[in-house]
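Here is a walk through one protein model, written for someone meeting structures like this for the first time. Have the picture open and follow along.

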Amino acid sequence: MNMATEKPTGTVFVVDDDEPVRDALSMLMESASLAVRSFESAKAFLDSYPADEPGCLILDIRMPGMNGFELRDELLSRNALLPIIFITGHGDVPMAVDAMKHGAIDFIQKPFRDEDLLDRVHQALARNEKERLEAQAQGEVTARFETLTPREREVMSLVVQGNANKVIAQDLGVSQRTVEIHRARVMEKMGARSIAQLVQLAGIIDK
Amino acid sequence: MFTNDDSSPDQHGEAGFQALLDAAVDAIVVIDCRGHIETFNRSAEKLFGYSAEEIRGSNVSMLMPQPYRREHDGYLARYLETGEARIIGIGREASGQRKDGTVFPMELSVGEFRDSKTVRFVGIVRDITERKETERLIRQQQERLEHVMRLGTLGEMAAGIAHEINQPLTAISTYAQAARRLIDSGLMEDDRLLEVLEKTGAQAERAGAIIRRIRNLARKRPAQRERHDIARVVDEALRLAEVDARLHDVNLSGTAEPDLPPAWVDAVQIQQVVLNLVRNAMETTPPSTSIMVETLCRSEEEVIIRVCDDGPGLDEDLISEIFNPFFTTKTHGTGMGLSISRSIVTSHGGRLEAKNRPDGGATFSVILPTAMNEHEHGN
């Protein structure tokens with residue numbers, strides 16, 4: 001397995017109403033040195049999951065009470081980033097396709113090969129880590145952006161669109177010198193060392 | 001009766017009596033108090049293959065197969081002594097044996113007549129081979145129909161059953177793969193390995209139990225009634241129905257009163273009825289509602305299996321029709337489920353009733369006689 005060398009971070013959350021399947025899945029995760037926690041229902045999981053804990057979710061589509069789809073929607077509404085791997089029984093392929101359309105990272109049919117599932121788990125954990133870093137970066141950049149005055153935001157917007165100081169000064173009806181001062185403040189507050197970098201930061205905010 | 005003839009009482013009476021006997025469609029046999037044959041009419045000759053001449057004076061028990069042949073003298077003696085009748089004045093189905101040794105089913109009624117000295121018995125025998133054969137064919141057709149319906153039910157449940165077997169298979173394969181990994185990496189302790197092997201075995205058992213239940217229901221077999229704990233019979237059916245309940249997201253629960261009296265039933269047939277009622281309920285009940293199956297006992301004589309749902313209930317105008325063959329409200333229904341269920345329950349001497357619940361939903365009640373008087377149902 002190619003990804004086994006990188007030590008993945010995060011916990012694998014297993015949600016399945018079938019106790020033996022849950023137990024076996026936990027053991028499989030453990031055998032791959034992954035941290036795992038298992039829950040017998042969507043509700044039990046939601047009750048104990050703090051929305052910022054890194055990891056991924058292995059979820060049986062078909063469960064009594066809240067089913068896999070409903071759990072996914074609930075997670076979305078809580079803004080939780082957990083990638084979901086749906087595991088499905090035999091007749092559930094159309095359901096699984098639907099799951100993919102609605103943002104599941106993957107689905108896998110029971111019974112599965114350990115490599116297949118573990119590959120997907122590693123992908124999901126890697127994706128979660130990446131998304132987490134991005135979100136963190138976005139948070140920081142947004143916080144910086146919020147320190148700009150309304151006029152500085154206008155200037156920044158016009159700068160990243162590629163406008164020259166002269167054009168900006170005309171647009172805003174101020175002197176070119178004033179634009180230069182705003183521009184320097186923007187660069188400083190945003191922590192950008194070049195226009196290219198500022199454009200990049202603006203892109204993060206827009207996400 | 002012929003002795004009242006004025007012209008020639010004795011002679012004419014005797015001949016007239018013989019003519020009457022010989023004209024009878026049924027076989028008529030008269031015996032004395034020790035069981036010896038005195039009169040054997042023409043129909044009796046035809047039916048049993050003996051001539052009146054050759055059989056006169058023989059013990060009537062030779063017209064019966066074992067074990068009745070052996071026991072008949074005893075019956076006769078006991079009746080004469082105690083007046084305790086087995087057949088006399090009752091009439092019943094029995095077996096006869098012809099001269100060539102063949103055995104046939106017959107309807108037998110016995111009367112007695114006395115003069116001052118002694119008592120005689122007259123037996124009237126009708127061959128019911130044909131009637132029995134017709135009954136057997138009807139029963140066979142019925143059993144075939146029931147079997148086809150059971151297979152149909154299982155077919156409809158196939159997706160759920162596949163899912164249900166897939167669960168233990170998934171657990172087994174995952175346990176095995178996890179164990180192999182742990183062994184490879186030297187992390188598997190002996191105790192843990194033993195535990196995993198036990199769990200794996202238990203999952204194989206679980207899959208086996210599902211298959212056993214299905215095979216039991218799918219098997220083609222003649223109806224066979226035995227003394228059964230009805231709560232267990234119902235429980236088996238519910239375990240199969242659970243498969244569907246999960247697919248329909250219906251909460252299926254079963255309760256049984258403790259110490260129910262046993263019932264004299266064909267377990268598979270009763271399971272078929274319960275499965276049919278529960279699946280009907282599931283199709284009309286909206287998701288996330290409940291179906292309750294209660295097994296209880298109202299008196300020593302009756303056990304009741306009650307299937308209650310939270311669905312829309314039955315259309316009051318149609319309640320009288322739902323048990324009719326081919327009546328259905330489903331788009332894919334055959335309309336045979338309830339009809340067959342009722343005929344199964346009726347053949348057990350019970351009743352199948354449908355009612356709306358006061359607080360919504362429908363209740364179907366299977367009312368079965370208990371096995372308190374099982375000798376009446378047996379044989």
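In chain B, strand β10 (residues 302–309) and strand β12 (residues 362–369) run antiparallel and are joined by seven bridges. To find a spot on that pairing, look for Arg306(B), which stands opposite Ser365(B) in β12(B). Keep in mind that this is a predicted model. As background, strands of a sheet pair through backbone hydrogen bonds, and they can do so parallel or antiparallel.

Now zoom out to the sheet around that pair. It is an open sheet of five strands in chain B, in the order β7-β9-β10-β12-β11, and its pairing is mixed. Which strands stand at the edges? They are β7 (251–256) and β11 (351–356) of chain B; each has a single partner strand, so one side of each has no neighbour in the sheet. Going from one strand to the next, the twist averages 15 degrees. Lying across β7, β9 (290–299), β10 and β12 of chain B is helix α8 (residues 230–248) of chain B, which runs at about 175 degrees to β7(B).

Next, a pair of helices. Two packed helices are described by the angle between their axes and by the distance between the axes. For helix α6 (residues 158–184) and helix α7 (residues 190–218) of chain B, the angle is about 165 degrees and the axes are 9 Å apart. The crossing of α6(B) and α7(B) is left-handed.

Which residues make the contact? From α6(B) they include Ile161(B), Ile165(B), Leu169(B) and Tyr175(B), and from α7(B) they include Leu193(B), Val196(B), Lys199(B) and Ile210(B). By class, the contact of α6(B) with α7(B) has 15 nonpolar, two polar and three charged residues.

Let's pick out Lys199(B), which sits in helix α7 of chain B. Leaving out residues up to four places away in sequence, Lys199(B) touches Tyr175(B) and also Pro20(A), over in the other chain. For contrast, go to Arg219(B), in the loop between α7 and β6 (226–228) of chain B. Arg219(B) counts as exposed because it has 10 C-beta neighbours inside 10 Å.

Each of these two residues can be paired with a partner from elsewhere in the sequence:

| Pair | Apart in sequence | C-alpha to C-alpha |
|---|---|---|
| Lys199(B) and Tyr175(B) | 24 residues | 8.2 Å |
| Arg219(B) and Leu151(B) | 68 residues | 8.9 Å |

How do the chains meet? In total, 20 residues of chain B are in contact with 16 residues of chain A. On the chain B side, α6 and α7 each supply at least two residues, and α6(B) gives the most, with 16 residues. That side of chain B has eight nonpolar, eight polar and four charged residues.

Finally, a look at chain A itself. Chain A has nine helices and five strands, and from the N terminus on they run β-α-β-α-β-α-β-α-β-α-α-α-α-α. Of the 207 residues in chain A, 35% are buried. Among contacts in chain A with a separation of 6 or more, 62% are between residues 24 or more positions apart.

How values were computed:
Residues numbered from 1 in each chain as written. Chains lettered and ligands numbered in written order. Predicted model: local features only at pLDDT ≥ 70, side-chain atom pairs only at ≥ 80, totals over all residues. Axes fitted to C-alpha atoms, helices over the stretch in contact; angles between N-to-C directions. Helix = DSSP H or I, 4+ residues; strand = E, 2+ residues; numbered from the N terminus. Left-handed = near helix turned anticlockwise from the far one by under 90°. Contact = placed C-beta atoms within 7 Å. Nonpolar A, V, L, I, M, F, W, Y, C, P; charged D, E, K, R; others polar. Buried ≥ 20, exposed ≤ 12 C-beta atoms within 10 Å, placed from the backbone. Pairing = 2+ DSSP bridges.
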